[in-house]
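Dear colleague,

Please find the structure below, together with its sequence.

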Amino acid sequence: MSVIHYLINAYSRRRFAVLFFSLLSTMAAAPVLGEMGVSTIFMEIFLAINILAVVFITVFSSKTYEILALLALLAARGGYVLLGNKPLMETSQAVGVVICLVSAVIMLRFILSEGFVTSERIFSALGVYLLVGIM
């Protein structure tokens, strides 16, 4: 097995724990960076990429939609950073909300599916709570 396959398998086993700690660190670091005068746009991009990573790994049947959402988010956010165009910022925020909603639904389906309670289910429940709080 190649290194890439190993990393993908390792991430897919702990994807909700990674998302939870990413959400937690983003929520803690964003106000601190804002008070220090540092732009928080990099934290927002990092958060969006992590949420999309969960969607990519969880939903295999409709990869096209997630790829289009990622491209739309990155294009809108990149356009805002380069051009300072306010409608691009609003577009990227709308795409981010849709991605958060899709991720929350996927995580809720995982939580409510049959099976044993594992640490991934607990991290998924905490992640849904944080996603709803962020939205």
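Leaving aside residues up to four places away in sequence, Arg121 touches Phe110, Ile111, Ser113, Glu114, Gly115 and Phe116, where contact means heavy atoms within 4.5 Å. Please note that this is a predicted model, in which local features need pLDDT of at least 70 and side-chain atom pairs count only at pLDDT 80 or more, while totals for chains, interfaces and linings use all residues. Residues are numbered from 1 along each chain as its sequence is written, and side-chain values use heavy atoms, with hydrogens and water left out.

Arg121 belongs to helix α6, residues 119-134 (helices are DSSP runs of H or I with at least four residues, numbered from the N terminus). Arg121 is buried but has no salt bridge, and Glu114, the nearest side chain of opposite charge, is 8.5 Å away. Buried means under 20% relative accessible area, exposed over 50%, and partly exposed in between, with a 1.4 Å probe and protein chains only. A salt bridge is a side-chain nitrogen of Lys or Arg within 4 Å of a carboxyl oxygen of Asp or Glu; Lys and Arg count as positive, Asp and Glu as negative, and His and the chain ends are not counted.

By this rule there is 1 salt bridge. Glu120 forms a salt bridge with Arg14, their closest N and O atoms being 3.9 Å apart. Glu120 lies in helix α6 and Arg14 in the loop between α1 (3-13) and α2, so the pair ties together parts 106 residues apart in sequence. Glu120 is buried, at 8% relative accessible area, whereas Arg14 is partly exposed, at 36%.

Yours sincerely

Definitions and conventions
Helix = DSSP H or I, 4+ residues; strand = E, 2+ residues; numbered from the N terminus.
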